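Morning, everyone. Please look at the screen.

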Amino acid sequence: MAEVQLQNVSKSFKATRAVIDMDLTVPDGAFVVLLGPTGAGKTTTLRLIAGLEKPDAGSIHIGGRRVDGETPAQRDVAMVFQQYSLYPHLTVRENLAFPLRSPILNTPEDEITRKVAEVAEVLHIPGKLDNKATELSGGEMQRVSIGRALVRDPAIYLMDEPLSSLDAKLRADLRIELKRIHAELAATLLYVTHDQIEAMTMATHVGVLDEGRLVQFGTPREIYENPASTYVAARLGQPRINLLPVGLFDVDAPPGAHRMGLRPEHIAHGEGAEAQVTRVEHLGDQTRLHMKLGAHDLITLADPHTTMTAGETIRIAPRNPLFFDATGARIA
Amino acid sequence: MAEIIVKNVRKEFGDFVAVRESSFTIEDGEFFMLLGPSGCGKTTTLRMIAGLELPTSGEIYLDGEEIGQRPPSERDIAFVFQMFALYPHMNVYKNLSYPLVSQGMPRAQVRAKVDEVATILGIKDILKKPVGGLSGGDRQRVALGRAIVREPKAFMMDEPLGALDAEFREHMAEELRALHDRMGATTVYVTHDQLEAMQMGDKIVVMNNAVVEQFGTPQDIYDWPATMFVADFIGSPSMNFLSFSGQVGAGADHVDLNGTQMGVPALRGGASGDLVFGVRPEHIRLDDDSAYRGAVRATEYLGTTQILTLDTPNGEIKARIASDQPARVGETVGLGFNAQTITLFDRATGQALLSQGNERVLGHG
């Protein structure tokens with residue numbers, strides 16, 4: 001396992017600037033999640049590290065060695081794709097062994113047997129080793145795909161939305177599994193997703209991408225509690241943070257403050273400005289109040305069994321507001 | 001405006017029973033969700049209400065009139081499909097006006113009606129555009145508009161947001177619900193997404209294996225599930241099931257869980273054998289004084305809350321607690337359960353045992 005470093009890396013596809021001046025360090029042993037919407041440059045970043053794309057500018061180092069002139073095979077990375085790519089006519093055992101039989105690795109047979117058994121154990125599929133790939137469920141197939149990366153001992157694992165095609169329950173199980181694998185193997189992982197839950201729950205570090213730029217890098221807690229901009233603040237948290245004009249509440253705003261960010265859980269009830277409840281959503285474990293304060297929509301949380309209904313008015317006041325300037329940058 | 005009553009409706013396709021005797025009432029103006037996994041019979045039920053399938057037996061009432069065997073054209077119901085079916089060679093205005101023109105409505109009236117609907121949907125500025133170049137959201141709005149212009153008694157929607165990505169789906173769900181609140185038309189909506197059902201619905205029918213498992217408001221179904229299927233299907237993470245065997249009598253207000261006495265809402269009837277102690281993740285707390293222990297296997301940070309996965313003597317459970325409460329993987333913690341929220345189930349039948357807690361919701365059969 002090794003540290004991966006991108007310095008001033010840029011990549012364009014014709015007129016589209018996919019990655020712009022990116023500086024990113026994936027520390028040895030870290031689980032870094034790159035988060036952003038479609039088109040933010042996540043997958044291109046991953047492919048640049050894997051060697052599937054060549055950077056227009058900048059340098060990429062893996063374990064201190066400059067790799068941007070090397071082929072994918074020379075770089076010693078293992079990639080897991082969104083869609084599981086297994087050989088349907090081979091058994092699980094053969095699928096797992098396949099990467100080790102590549103002429104470059106040239107692994108001895110007893111080593112292959114040992115490695116495959118070990119990975120099957122980690123992925124909880126030892127009973128399925130002699131099944132054909134086509135006899136597996138979707139979740140098992142994706143685990144085998146991940147396993148095909150794990151049998152190798154690469155400098156870094158690169159994963160491109162590996163859970164996005166699975167159903168919610170399975171995704172929840174595999175999230176925990178990936179975290180456990182990361183801890184057990186002390187592996188270095190770079191994982192790309194647009195799913196904020198995956199980023200929050202698995203990452204040691206989250207990198208937030210916006211139109212090709214890395215706009216913030218930190219622990220999930222830092223990103224959630226201390227976002228650098230309105231863009232970052234809106235990427236984490238469900239329901240989403242409320243972004244409101246500063247003058248809406250009677251609070252002391254720092255000079256230059258243009259908008260105030262209020263997480264739904266940071267709105268106190270029973271004091272402050274009068275707002276009208278427009279809709280009450282009972283989600284079971286939480287109840288969301290949609291309301292209007294003047295001309296502005298906002299969402300706050302209430303006790304699950306609140307008797308409040310649409311049309312009622314309620315006084316609300318901010319708690320721990322975040323302040324942003326006119327460009328969206330955080331100022332306090 | 002319409003009230004819809006579905007009474008003992010059954011549908012067979014050859015030997016296959018798609019829907020077994022199902023009954024529920026959709027009140028006038030409700031946003032009503034048919035929720036369940038694929039193959040549960042929810043779409044067939046919707047199609048029977050719309051008249052696209054005819055029930056094998058049972059009755060369907062629309063505003064008091066039995067319409068179960070009538071063709072769709074005699075029901076005055078609009079159907080919005082999963083894939084928005086628009087006429088690709090017509091512009092937005094023509095797509096919207098077509099249902100009215102084909103009814104023979106005078107041109108001036110058509111124009112006024114289309115204008116009104118376009119205003120409601122916020123698509124007035126794209127009326128002259130061809131539908132081919134529209135964004136997914138606008139296509140969806142046009143498809144809805146086509147259903148709305150006719151002013152039907154009720155709308156049927158079959159996973160209309162299924163094809164959209166998560167962020168946009170949430171936005172469209174809010175828009176649909178707001179539209180319903182403005183128009184107040186009875187809407188029946190099929191989905192397999194429990195969060196969508198909870199978020200949008202006034203009432204929910206949960207179906208599984210061709211059977212209606214439960215029917216009620218989102219909060220009631222969440223708090224007091226009638227069956228283990230419903231308890232598991234609704235909520236994320238879903239309800240924890242701690243298996244135990246024993247005997248509980250009518251009036252009992254605690255059970256023995258691996259040697260620890262756990263409070264439950266007073267039971268209305270007794271049960272014995274393989275039982276299940278059901279507790280939602282947010283009703284579990286860390287409690288140093290509790291003799292009931294669990295080993296923390298995983299923690300997942302979610303902002304203000306975190307999810308703990310714990311191994312207990314009665315199986316793996318998930319707890320939702322505040323993220324500022326310390327919890328480390330590997331450590332063993334005491335666990336407390338909020339007694340007033342517990343549901344006990346009979347493992348063999350999967351049915352909830354009637355208690356002081358759930359009798360208001362489940363009491364009348």
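Start with a term. Two strands pair if DSSP finds at least two bridges between them. Keep that in mind for the sheet.

This is a predicted model. In chain B there is an open sheet of three strands, in the order β11-β14-β20, and the pairing is antiparallel. Which strands are at the edges? They are β11, residues 240–248, and β20, residues 343–346, both of chain B. Each of these edge strands pairs on one side only. From one strand to the next, the twist averages 35 degrees.

A quick reminder on what holds such things together. Strands of a sheet pair through backbone hydrogen bonds, either parallel or antiparallel.

Now zoom in on one pair. Strand β14 of chain B covers residues 271–279. With β20(B) it pairs in the antiparallel sense, over four bridges. If you want a place to look, find B:Val276. Opposite B:Val276 stands B:Phe345, in β20(B).

On to the helices. Take α2 of chain B, residues 92–101, and α3 of chain B, residues 107–121. They pack at an angle of about 130 degrees, with axes 10 Å apart. So α2(B) counts as oblique to α3(B); the cut-off for roughly antiparallel is over 145. The crossing of α2(B) and α3(B) is right-handed.

Which residues meet there? From α2(B), we have B:Tyr93, B:Leu96, B:Ser97, B:Leu100 and B:Val101. From α3(B), they meet B:Val110, B:Lys113, B:Val114, B:Val117 and B:Ala118. By class, this helix contact has eight nonpolar residues, one polar and one charged.

Next, the interface between the chains. How many residues does each chain give? Chain B gives 19 residues to the contact, and chain A gives 18. On the chain B side, three elements each supply at least two residues: α6 (194–200), α7 (218–223) and β16 (293–301). By class, that side of chain B has eight nonpolar, seven polar and four charged residues.

Last, confidence. Chain B averages a pLDDT of 92, and 98% of its residues score at least 70. Where in chain B is confidence lowest? In helix α5 of chain B, residues 166–183, at a mean of 82. The highest is in β20(B), at 98. For the model as a whole, ipTM is 0.82 and pTM is 0.86.

That's my tour. Over to you.

How values were computed: Residues are numbered from 1 along each chain as its sequence is written. Chains are lettered from A and ligands numbered from 1 in the order in which they are written. This is a predicted model: local features need pLDDT of at least 70, side-chain atom pairs count only at pLDDT 80 or more; totals for chains, interfaces and linings use all residues. Two residues are in contact if their C-beta atoms, placed from the backbone, lie within 7 Å. Ala, Val, Leu, Ile, Met, Phe, Trp, Tyr, Cys and Pro count as nonpolar, Asp, Glu, Lys and Arg as charged, and the others, Gly among them, as polar. Axes are lines fitted to C-alpha atoms, for helices over the stretch in contact, and angles run from 0 to 180 degrees between N-to-C directions. Angles under 35 degrees count as roughly parallel, over 145 as roughly antiparallel, 65 to 115 as roughly perpendicular and the rest as oblique. A crossing is left-handed if the near helix is turned anticlockwise from the far one by less than a right angle, and right-handed if clockwise. pLDDT is the predictor's confidence in each residue, from 0 to 100.
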